[in-house]
Protein chains: 2
Amino acid sequence: MPDALQRVETALTAAIVGAGGIGAPPRLAAALQHAVFPGGARIRPRLCLAVADACAEDMPGLSDAAAAAIELLHCASLVHDDMPCFDDATLRRGRASVHHRFGANVALLAGDALIVLAFETLGHAAPSSPQRLAQILLILARSSGMPGGIVGGQGWECETDVDLGAYARAKTGALFAGATMVGAAAAGAEPEPWRLFGERLGEAYQVADDIADTRSGAAEIGKPIGRDLALGRPNAVLRLGLSGALRRLQALVEGATASIPPCRDPDGLRRLILVEVQRLLPKDTVLRAA
Amino acid sequence: MPDALQRVETALTAAIVGAGGIGAPPRLAAALQHAVFPGGARIRPRLCLAVADACAEDMPGLSDAAAAAIELLHCASLVHDDMPCFDDATLRRGRASVHHRFGANVALLAGDALIVLAFETLGHAAPSSPQRLAQILLILARSSGMPGGIVGGQGWECETDVDLGAYARAKTGALFAGATMVGAAAAGAEPEPWRLFGERLGEAYQVADDIADTRSGAAEIGKPIGRDLALGRPNAVLRLGLSGALRRLQALVEGATASIPPCRDPDGLRRLILVEVQRLLPKDTVLRAA
């Protein structure tokens, strides 16, 4: 079995090659490639595959498709988040954002195409298990759309009176919960018990990202820092101070590991989480082993 | 059995109410409502239901979901098409376009949410027939995404060197073909024989729309006229003259009716088409009965 990252890259490559096939407008096809490769850490799809493995996956092709769909939805949200009418960010993963490189019109369509491609990727893998398809489809949709998915979270950034809890749950928590839940569903396990684990991880990820936003050099995280302050977005460091944010992160990581449902390799999941959270933090910030 | 339009409105209402549920950011929820209601002629979803009926539908809930999904994808494309970075249209269906009313950031998210909602709507109806779900899912994705769906068609509008055939097939033909094919698939019939019928109808619709763009008053069609000329888009009247465009439309309608696959009520479908095409044309332009 190839390692998780390799499986994710292979599934994403197949999806993007298909989207750029016969009849594709060339600039939009290039924008899709740019939006997805080279990737970031692919945290969400690797988490999905780790959960599928912990649930003794029996249909790896379905897990791969679910993982790729989660990452495509994430990439779509980044492309649209960076657009001039949103965060107006010119830098992403250390190079030009999609709209900065291809124009806002192409970026708009690229995000749309990635959302559709996420569902199409799932559809291609589905004939092997139509029963699991409907479940995975609904989890993907709920974690990315309205009211409680990423799009809903981004929608709170357009309000003057913000429900901070709904905002955090939807903007980051929903897709992490989606990643753990589709991993379980693809393996034929009940997805619901995996929700809390994913939500806590998502919140931990958000706090780690907040710390990086206030502390890292731009070169280190591949995007500008201080954006939350500039855009008036909630940030755990601005609210709790650095040591308060680190304590909060520690508690969330411990809460996440405590909420791993019974499965065949909870220790493997715990190790993965600690490595991933540490990777997000600035080099001089060390988390205690959970 | 309620009539087709009523079924479409009921299914769309359920979808939009769900999307605006607990945790929804209020402005984005209002934008979704504005994007979908009051609707236009709902040509695509009514065509979908007409085909499902012609194929002796046995799961009306699944047909309704497929029809609603087609219309939600269409509405999403209109919202994003109207945005400042695209056509920059302030008027749609006789009132403010979504970005003009709610801002470009909310319009961006509204289109995203509608795409996700299309797939979610299908997922809700799916448990009744998981076998048909994968087929419908793939048709929806291919007719809306890349390379050959609406998004692909819009992508050609961002190129300097345009493949006019691919552009027309993707921009309008794909979702019409999607509408006829998901109608068949929802009824348990083979969808592929219904593709050509849908494609020809899509092309006929585009020519009728081109005629309206050059001839109608803005009040009559609910959006500005002369946009194709202003935006440098292909238009059958500009290319063939009015009488040439009308001859082309006549030929396409006849071609469409000739390509209706064997089914239990081909005459009903023929009548529907003629009424719908006539409805699109300016009042002083009359099509001969096919």
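Leaving aside residues up to four places away in sequence, Phe119(A) touches Ala69(A), Leu140(A), Phe119(B), Leu137(B) and Ala141(B). Touching, or contact, means that the C-beta atoms of two residues, placed from the backbone, lie within 7 Å.

This is a predicted model: local features need pLDDT of at least 70, side-chain atom pairs count only at pLDDT 80 or more, and totals for chains, interfaces and linings use all residues. Residues are numbered from 1 along each chain as its sequence is written, while chains are lettered from A and ligands numbered from 1 in the order in which they are written.

Phe119(A) sits in helix H6 (residues 104-125) of chain A. Helices (H or I, at least four residues) are DSSP runs, numbered from the N terminus. Is Phe119(A) buried or exposed? Phe119(A) is buried, because 29 other C-beta atoms lie within 10 Å; the term asks for 20 or more, with C-beta atoms placed from the backbone. Leu73(A) is 46 residues from Phe119(A) along the chain, and their C-alpha atoms are separated by 9.1 Å.

**The interface**

In chain B, 54 residues are in contact with 54 residues of chain A. These helices of chain B each give two or more residues to the side that touches chain A:

| Helix of chain B | Residues |
|---|---|
| H2 | 26-36 |
| H6 | 104-125 |
| H7 | 130-144 |
| H8 | 150-156 |
| H9 | 164-186 |

H6(B) gives the largest share of that side, 14 residues. By type, the side of chain B that touches chain A has 34 nonpolar, 15 polar and five charged residues. Here Ala, Val, Leu, Ile, Met, Phe, Trp, Tyr, Cys and Pro count as nonpolar, Asp, Glu, Lys and Arg as charged, and the others, Gly among them, as polar.

**The two copies**

Chain B superposes on chain A by a rotation of 180 degrees with 0.0 Å of shift along its axis (RMSD 0.0 Å). The copies are therefore related as by a two-fold rotation axis. In chain B, the C-alpha of Pro130(B) is nearest the axis, 2.6 Å from it. The same surface serves both copies, as 98% of the contact residues of chain B recur in chain A.

**A helix pair in chain A**

Helices H7 (residues 130-144) and H9 (residues 164-186) of chain A pack at about 175 degrees, with axes 9 Å apart. H7(A) and H9(A) are therefore roughly antiparallel, a term for angles over 145 degrees.

Notes. Axes are lines fitted to C-alpha atoms, for helices over the stretch in contact, and angles run from 0 to 180 degrees between N-to-C directions. Angles under 35 degrees count as roughly parallel, over 145 as roughly antiparallel, 65 to 115 as roughly perpendicular and the rest as oblique. Copies are superposed by least squares on the C-alpha atoms of residues with pLDDT of at least 70 in both. A residue is buried if 20 or more other C-beta atoms lie within 10 Å of its own, exposed if 12 or fewer, and partly exposed in between; C-beta atoms are placed from the backbone.
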